[in-house]
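Please read this briefing alongside the sequence and the model. It begins with the overall make-up and then moves through local features, topic by topic.

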Amino acid sequence: MEPVTKQTLRRDPREFTPGFKTEIIGLRRRGDRTVAQVVADFDLDAGVRTDGLSSTEKAELTALRAENRRPILGSPRRTQLRP
């Protein structure tokens with residue numbers, strides 16, 4: 001028998017339909033289950049995002065927030081937000 005290693009325990013990535021993702025997010029947002037319960041019930045990876053955003057969307061949001069924190073030229077306040 002082959003020894004158990006991280007490599008042998010690793011499973012191939014799964015593809016989830018948009019409907020399934022919406023259902024999972026809805027279960028958590030309703031508040032009747034914790035993230036740990038949803039993860040266990042659906043055999044998911046605990047490292048998955050819980051905010052409903054893809055990694056690309058999260059990176060874009062982070063960049064936009066950083067841009068909004070930059071000072072506006074000629075602004076009397078250094079931290080004034082852009083309109």
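## Overview

The protein has four helices and zero strands, where helices (H or I, at least four residues) and strands (E, at least two) are DSSP runs numbered from the N terminus. This is a predicted model, in which local features need pLDDT of at least 70 and side-chain atom pairs count only at pLDDT 80 or more, while totals for chains, interfaces and linings use all residues. Residues are numbered from 1 along each chain as its sequence is written, and side-chain values use heavy atoms, with hydrogens and water left out.

**Overall make-up**

- Read from the N terminus on, the elements follow the order α-α-α-α.
- Of the 83 residues of the protein, 7% count as buried, a term that means under 20% relative accessible area, with exposed meaning over 50% and partly exposed in between (1.4 Å probe, protein chains only).
- The protein exposes about 7,500 Å², and carbon and sulfur atoms supply 55% of that area; accessible areas come from the Shrake-Rupley method with a 1.4 Å probe, and for residues only the protein chains shown count as cover.
- Among contacts between residues at least 6 apart in sequence, 17% join residues at least 24 apart, a contact being heavy atoms within 4.5 Å.

**Helix H2 and what follows**

- Helix H2, residues 18–29, has twelve residues and reaches 16 Å from its first C-alpha to its last, close to the 16 Å expected at 1.5 Å a residue; the expected span is 1.5 Å times one less than the number of residues in the helix.
- H2 is followed by Gly31, whose phi is positive, near 90 degrees.

**The aromatic cluster**

- A search of the whole structure finds two aromatic pairs, for which rings of Phe, Tyr and Trp (its six-membered ring) must have their centres within 6.5 Å, with planes under 30 degrees apart counted as stacked, over 60 as edge-to-face and the rest as tilted.
- The rings of Phe16 and Phe20 form a stacked pair, because their centres are 5.0 Å apart and their planes lie at 20 degrees.
- The rings of Phe20 and Phe42 have centres 5.8 Å apart and planes at 75 degrees, so this pair is edge-to-face.
- Phe20 lies in helix H2 and Phe42 in the loop between helix H3 (35–41) and helix H4 (55–69), so the pair ties together parts that are 22 residues apart in sequence.
- Ring pairs thus link Phe16, Phe20 and Phe42 into a cluster, in which Phe16 is partly exposed at 32% relative accessible area, Phe20 is partly exposed at 22% and Phe42 is partly exposed at 24%.

**The nonpolar core**

- The largest nonpolar core is made up of five residues, namely Ile24, Leu27, Val38, Val39 and Leu44; such a core is a set of buried Ala, Val, Leu, Ile, Met, Phe, Trp, Tyr and Cys residues joined through side-chain atoms within 4.5 Å.
- The elements that give two or more residues to this core are H2 and H3.
- Leaving aside neighbours within four places in sequence, Val38 is in contact with Ile24, Leu27, Arg33 and Leu44.

**The salt bridge**

- A search of the whole structure finds one salt bridge, meaning a side-chain nitrogen of Lys or Arg within 4 Å of a carboxyl oxygen of Asp or Glu.
- The side chains that meet in it are those of Asp41 and Arg33, at 3.0 Å from N to O.
- Asp41 is partly exposed, with a relative accessible area of 49%, and Arg33 is also partly exposed, with 25%.

- Not counting residues up to four places away in sequence, Arg14 touches Phe42, Asp43 and Leu44.
- Arg14 and Leu44 are 30 residues apart in sequence and 9.6 Å apart in space, C-alpha to C-alpha.
- Asp43 lies in the loop between H3 and H4 and is partly exposed, with a relative accessible area of 45%.
- The phi of Asp43 is near 50 degrees, a positive value in a residue other than glycine. Most residues other than glycine have a negative phi.
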